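User: Hi! Could you walk me through this structure with some questions and answers?

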Amino acid sequence: MSTTIRASSGLNWNRVMTIAKTDLKQLIQARDFWIPMMLLGSIFFIFVPATLLFTITNIGDVDVVERMSETLEVLPSSAQAQIQGKSAEGKTGYALAVFLLAPVVVIVPLTISTAVGASTIVGERERGTGEFLAHSPADVREIYMGKLIASLAPGYFTVVVGFTIYSLLVNLLVGPEVGGWFFPTQQWWIMIVWVLPPFLAICLSLVLRLSARVSSTAAAQQASGLVSLPLIMIAYSQSTGVLFGAGNMPIIVGGLAWVLAIISLSRGLRSVQRSRLLGVAATG
Amino acid sequence: MALSDHFDVRLRTVSKSFGSVDALSSLSLELVRSEITVLLGPNGAGKTTAARVITGAIEPDTGDVEVFGVDPAGPDGEQVRRDCGVVSAKPSLYDRLSGLDNLRYAASLYGLGTGVEAEARIVEAAKQFEIDADLHHKVGGYSTGMKTRLALARAILHRPRLLLLDEPTSGLDPESSVAVLAMVREMTADDRTVLMCTHLLSEAEGLADQVIMLEGGRDLLNGDPQSLSQRFWPSPSIDITALHGPDLDRMALWPEILSYDRVEATAHVEISDDTSPADIILRLAGDGIRLDSIMPFRPSLEDLYFAVRAERRAPETGSDETPPVGESPKSGRGELDRSRPTARSAQ
């Protein structure tokens, strides 16, 4: 028999990870889900940046570069001071890669994780598998955490893969114009490692709570859209601020997001009830 | 408070409502250790809710639930659920996963882990339910019978002390139903306590050590099938078919005949304890009545079920046709006779 990993919280992490892994395994089998999501990630991380950066750095359309250069003047002075590049093309490419395209990294994982999370609990109920979980020894908090991890993982995985490809693209297309490989910058690392995860967690804690309460996957998707949209906007603006900002600003934004995420997650832990997995709680 | 050695499960005046619907209404029941208890009742009688209350999946509004001496909805509920194996009416399997992955998932959740022992248990359970050859296929491609067998294998994987089977033959063809019921019988060979919910009386026949009949979330009656039959039919009964049915009507006046009821050529008669069926046959033959068949009446659970329901309806409708429990129905099977004349004539 395997060793049980039980933290001071009383959660059995073996079971949490089992639930998460099983959900992910099912997701991998669902081509109708991950193919559109992969396309979404490709558009934001590969096609759009590649087209824009290639146009600016290689085609050398003077008009386009000039217009883009003018746009850069609206950036905060702290951001403008960071822009590197020997030529107008290089500076424009740098600014585009580091500042203007950056927030897409927030939109993609939040969209993917929201789509997974919205159906995760209500989906168990709709498929009838909630009955199995409801009768199982798994604690409802373990079920919640398992579902959270299973929803978080695809979004964050997309970020890691997308970010890696994006970094390669940026360095290959803009690097020669600014004297070598420069991406990711320090702010980008902070955003990916410190700022993005709590925003994902906040969004998912709300989405999972909805998923535990609504009566159908369709309703969960609708409601999650309403909840996640403002969060995406906030995350977008905050991540932009992180990249533009200097000093401790990114650390502070991330820290506040982590506090909110922990509060939201601890409240979410109470949202799953066995009866809700069976679909009988609403009237109960 | 610990349960006595005799019972694994005890529900006392348990009620549960969903909105305005009373799923359980002051239900009390006890499951005797190592016995098969069958919860009988029509759809909506509260069978599934009772099973869910036992594992703690649903908390009752009022009343006490004890399973292995523990409240399953309380902080120690995990202990209870670890010792329960559940097969629900819908098999609750993950269609996108293989049969093997479904079993591995259960093994891990129930604390068997992922090691050699867990794998050995999986193979053993799969072989027991003859699903081992299909374990690597996705469950979405399984037939209903295969899904049920996989669900049964999953339910016993962790060797539970209590098995809860909620209509395990639901949606199966007759051949698969027979096979699954045979498997259920095998599952009880290891001294497990079993609760099986069904609305099919034929399934409970010969399987149940104890029968609990539910209706509207209440228990109509409970006990072992033999003593329940004894309560409703305390005296021996026989079904006699004559070539000319009305010839049998003279029996109604004989003192040793306690009740007489004829449908077409067949009479159902209840005879006094000190009379043997042979005496009746001899007397009929002596009167020159030509008999076609004589069958001792052995009440089935179906007979019992209809008799109980008839008895319950009698006070509501003000009918005095059906006597109280423990007394012999004056007209034999009374209400039952009128509800199923064809079956009786055929005997």
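Analyst: Happy to. Two strands count as paired if DSSP finds at least two bridges between them. Please keep in mind that this is a predicted model.

User: In which sense do strands β3 and β8 of chain B pair, and over how many bridges?

Analyst: Pairing requires at least two bridges. Strand β3 (residues 36–40) of chain B and strand β8 (residues 210–215) of chain B meet that requirement, and one bridge partner pair is B:Leu40 with B:Met213 in β8(B). The sense is parallel, over 4 bridges.

User: Which strands are at the edges of the open sheet of chain B?

Analyst: The sheet is open and has 6 strands, in the order β5-β6-β7-β3-β8-β9 (chain B), with mixed pairing. From one strand to the next, the twist averages 15°. An edge strand pairs on one side only, and here the edge strands are β5 and β9 (218–223) of chain B.

User: Which residue in the turn between β1 and β2 of chain B has a positive phi?

Analyst: Strand β1 (residues 7–18) of chain B and strand β2 (residues 21–32) of chain B pair in the antiparallel sense over 8 bridges. B:Ser17 stands opposite B:Asp22 in β2(B). The two strands form a hairpin with 2 residues between them, and the turn residue with a positive phi, about 65°, is B:Gly19.

User: Are α2(A) and α6(A) roughly parallel or roughly antiparallel?

Analyst: Helix α2 (residues 31–59) of chain A packs against helix α6 (residues 104–127) of chain A at an angle of about 175°, and their axes are 10 Å apart. Angles over 145 degrees count as roughly antiparallel. α2(A) and α6(A) are therefore roughly antiparallel.

User: How many nonpolar, polar and charged residues are in the contact of α2(A) with α6(A)?

Analyst: From α2(A) come A:Met37, A:Leu40, A:Gly41, A:Phe44 and A:Phe45, which meet A:Val104, A:Ile107, A:Val108, A:Thr111 and A:Ile112 in α6(A). Gly counts as polar in this scheme. By class, the contact has 8 nonpolar, 2 polar and no charged residues.

User: Which element gives the most to the side of chain B that touches chain A?

Analyst: The contact takes 29 residues from chain B and 26 residues from chain A. On the side of chain B, the elements that give two or more residues are α1 (47–55), α2 (77–82), β5 (84–87) and α3 (99–109) of chain B. Divided by class, the residues on this side are 11 nonpolar, 10 polar and 8 charged. The element that gives the most, with 4 residues, is α3(B).

User: Is B:Lys138 exposed, partly exposed or buried?

Analyst: B:Lys138 is in the loop between α4 (116–128) and α5 (144–156) of chain B. Leaving aside neighbours within four places in sequence, B:Lys138 is in contact with B:Asp95, B:Arg96, B:Leu97 and B:Ser98. A residue is buried with 20 or more other C-beta atoms within 10 Å and exposed with 12 or fewer. B:Lys138 has 16, so this residue is partly exposed.

Definitions and conventions
Residues are numbered from 1 along each chain as its sequence is written. Chains are lettered from A and ligands numbered from 1 in the order in which they are written. This is a predicted model: local features need pLDDT of at least 70, side-chain atom pairs count only at pLDDT 80 or more; totals for chains, interfaces and linings use all residues. Two residues are in contact if their C-beta atoms, placed from the backbone, lie within 7 Å. Axes are lines fitted to C-alpha atoms, for helices over the stretch in contact, and angles run from 0 to 180 degrees between N-to-C directions. Angles under 35 degrees count as roughly parallel, over 145 as roughly antiparallel, 65 to 115 as roughly perpendicular and the rest as oblique.
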